[in-house]
Amino acid sequence: MASERARAAPPPVPAQTGVVAGIAAITMTFAAFTSALVMRKGGGSDWVHFHLPPLLFANTAVLLASSGALELARRRLRQGTPGATAWLATTLALGLLFVAGQLAAWRDLAAQGVFLATGPSSAFFYVLTAAHGAHLLGGVTALAYLRYRVRRAAVAPLGAFGAVATYWHFMDGLWLYLLCILAVSV
Amino acid sequence: MPDTTATASELRHVAPQSFLRRYVFSLDHKVIGKQYLGLALVAVCTGMVLSWLMRWHLGWPTAAVPGLGAVSPTGAPGGVITPEYYLSLMTMHGTIMVFFVLTTAPFAGFGNFLLPIQVGAEDMAFPRFNMMSFWVTFLAFAVLVSAFFVHDGPPIAGWTAYAPLSAVGKDAGPGQAMGQTLWAVSIALFCVGQLLGALNFIATTLDLRTRGMSLARLPYATWAWFITSVIGLIAFSVLLPACILLILDRVAGTSFFVPAGLVISDRLQPHAGGSPLLWQHLFWFFGHPEVYIAILPGFGIVSHILPAVARKPLLGPRVFIACLVAIGFLSYMVWGHHMFLSGMNPFSATLFSVPTLIITIPATVATLLWIGTLYGSKLRFNTAALFCLGFISVFVSGGLSGFFLAQPSVDVYLHGTYFVVGHFHFVMGVAAMFGIFAATYFWFPKMFGRMMNETLGKWHFILTFIGVYCVFMPMHYLGLAGNVRRYSAFADDYMKGSIPLHQFITVAALFTGAVQLLFLYNLVRSRFRGPLAPANPWEATSLEWSTPSPPPHDNFGGHPPTVHHGPNEYGVAGRSGDYIMQASPEPDPGA
Amino acid sequence: MGKLFAVIVVVIAAVSTTIFILHTWWPPPDISVHGVGIDHELAETMIATGVLFVAAQLALALFVWQGSDARAGRTIKRFPGGATPLVAFAVVLVGIEILSLTFVGSKVWANIYIAPPDSGALHIDVQAEQFAYYFRHPGADARFGGLHPELIDDGSGNFFGLDPANDTTARDDIVSSSLVIPVNHPILLTLHAKDVGHSFYVPDLRLQQDFVPGLVIPLHFTATRTGKYEIVCTQLCGLGHHTMRAFLEVMTPDQYDQWLKTQAAQQ
């Protein structure tokens, strides 16, 4: 009987569950990268230090701003006031700007002669930023789909919105984590 | 009301009409499950032929294999297998079997077809991800098999692809050029495919259960698939970055796994500072849980079928679920037992040995629960039942030989010998295959609406059961005598005394392989000529038996069932016989 | 059908066990000091798992035999006591087994891999490569020459990458393709690989250890019986993996000294 009662509660949101499981998987992936970095740095004597491109910090600000824009969109969607799609578009644009900024940071490094195969530190820098960027582009796709849903749907797709927002904020957190790891180790 | 089930609701009640959407790029979990099983069937036939060639070579190294010379003129000139071609066959056999058979069939295949029906859902939570999951896996298989057709042939580094052999390119030997890169790309793709699948399994089990289907009422097979998907979610997300780093070492000149100062094929390698042990750690962190990804669905399948054929409830159902959870949890603490002799800190060998031995406790408990369930039962000896019983027997045999290898001090002697080969083939190869066979004979009527031929099935079981013991038990003897594995031949009279036993194994393997033709024939014939199956031919309780065989497009014809009972109501007086179906509204006799 | 299955299971269990008991295939006689412990551990595990194997297969066969009884009206029976005694049985029995095996086994393990080598051990340096082993004795000066991978040249016999032109300690190093050691004398090997992973396995010595490129791994033992034994590679190392073997020659001290002299003269 207990389970019948539980069913009276709002139905669970598979998208949210999926995002939480996805976050678990992505966390494991980056944990594996991190332990590889720690083991590689401790085991080899060829670690080369280089300066992180300052552009990364500007990119960080852009990414954090995109999360703010996403929250503004959510508030409008919840209250039913107009502007949700515009703020979603802003989030999306800031996300793309972040990716463009990361590519520019790569060009900075390449101009200094630091390439993927230069040494283990640069290899990890490129691998981690690329892996994060790829996951972020997945989030951008989800944002585009969400914007399409918000414009089309008669009822606000708050469940799907919540799932995408969780993922997007996780991308922020992941980037801050990676930035710390990179700042400490390279 | 928040829009939550848009992905599923879009598909509701409308079966797609075009051939492409219906059978190829289908979003229906039932079609995707069958696609996975079809892929696994192709893969298992490929892998089995490769093993025949290996066995042939081990028994009679200089004898030509009829026709092989024409198929692979460089690998087997005149039909005689070269040492490097033997290693290619071995690498591809291991990779195909572990990834594309033992992961796809029991987990992705049967899980996809049955899990949504068993929880009373109309489809998976994310049908598009589900479709992508299959097609990415299919692409991974195509990439892997294409290694047979590149210039230097398939890789020779084994399914574990230890660095630096796997990381330095063509200097390391034939097949280590393009072939090994294709291997790494294939496995990376495979990881992506299985991660998408695992997400679906988790969300479907947690969120799409029908009314009344509490976690306590989930069938055991569903529990096993759910726990397997959690294990897979963590394991494949570690193998994926490992493969990416391996690919970069191979094609982009990085040095994650290759240390400095290596001279291979008289060439000083341009790498520096990498760690071969890093690959081993990342690989086995995935690799050991992978063993449980292969075998836990078998646990679930046996526990699901056994009560239905023994006509009594599974002994200790909650204990059984606890065993599954314990095995899943412990599987992440034991990967180092593959590396006792790898040069890692010898103290860690002891640390890894203890959880490895502890994991035998839940495995022993599960086995005892099955044997206890058989006590005082009224067994119906259909083919599915026989394969379940066979599963228990081979799992006991293979599981017990694990006791030896779990101890570093015994592993010193047995590591790298045929004892290991016999052990893992019994416990994750044959046992998992028996689970797959049991599932096939049991659920074929539901999947295709026709019954399989039981007489052929019983012959298939008896001959296979005897055959696998003749193949894999002697491998334990070989290992005890110190016969090392991965040798294509025993040159200069080395291990000469073992050759007659190798020849016996080869004959047994070819015989066991030939017996599988009975199964293939039965499968194809029953698909088209088998007698029509009723909705519930085995008088079983779970939800898939409440719907017609085969189920309609959305599984329950638009009326998802309400669940009133657990899956274990056998041996009770019900309206329909000695059992009560989960969806039956009659009162619980125990209440 | 059920009775047939039960009979087959009993036959399989009986035949498998008999072959184990007859020792038809069994490890070769042990020639090391530490091997006694390993053999003891192996025998203990064999007995424990053997008993469990026979018991489990027979129980399976028995219950299946009984379950195949087709008499109508026979009622099903619950396992006496339910799941609890089974769980208790498994936890206690397997638990005791695990504790005792771990306790004894980790001592055996520590004895080989954790205990430091004897201070008077004879140090021999080992290089593994595709598909051979090379063994190096330090020679008269009791010191090994330094290693320079870039100087490795199999064609001229410089398997280790020694630099005798500039390195005086390298000049008298004795390099051979078999591992020659005196009997009853502690030996310390240092293992390193030239190219890919390899392994050092001597079944008679009850000893196995991987070579890992980039690492130098110590391994020590004492051989107790003279004779010629095979060293084989158990880590997949490439196309010639199956040909990668060498000999371990255990000699009396006199023979060993004689061998050293002959080798030194040849270098």
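Of the 186 residues in chain A, 38% count as buried, where buried means that 20 or more other C-beta atoms, placed from the backbone, lie within 10 Å of the residue's own. This is a predicted model, in which local features need pLDDT of at least 70 and side-chain atom pairs count only at pLDDT 80 or more, while totals for chains, interfaces and linings use all residues. Residues are numbered from 1 along each chain as its sequence is written, and chains are lettered from A and ligands numbered from 1 in the order in which they are written.

Staying with chain A, its secondary structure is 6 helices and 0 strands; these elements are DSSP runs numbered from the N terminus, helices being H or I with at least four residues and strands E with at least two. The C-alpha atoms of chain A fill a box of roughly 60 × 40 × 20 Å along the principal axes. Take the contacts in chain A with a separation of 6 or more: 81% of them come from residues 24 or more positions apart. Two residues are in contact if their C-beta atoms, placed from the backbone, lie within 7 Å.

Next, where chain A meets chain B. The contact uses 36 residues from chain A and 37 residues from chain B. On the chain B side, the elements giving two or more residues are H8, H9 (220–251) and H10 (276–310). H9(B) gives the most, with 9 residues. By class, that side of chain B has 24 nonpolar, 10 polar and 3 charged residues. Here Ala, Val, Leu, Ile, Met, Phe, Trp, Tyr, Cys and Pro are nonpolar, Asp, Glu, Lys and Arg are charged, and the others, Gly among them, are polar.

Now a helix pair within chain B. The axes of H7 (residues 127–146) and H8 (residues 178–207) of chain B come within 8 Å and cross at roughly 165°. That makes H7(B) roughly antiparallel to H8(B), a label for angles over 145 degrees. The residues in contact include B:Phe129 and B:Val136 of H7(B), and B:Trp183 and B:Leu189 of H8(B). By class, this contact has 15 nonpolar, 8 polar and no charged residues.

How values were computed. Axes fitted to C-alpha atoms, helices over the stretch in contact; angles between N-to-C directions. Parallel < 35°, antiparallel > 145°, perpendicular 65-115°, else oblique. Buried ≥ 20, exposed ≤ 12 C-beta atoms within 10 Å, placed from the backbone.
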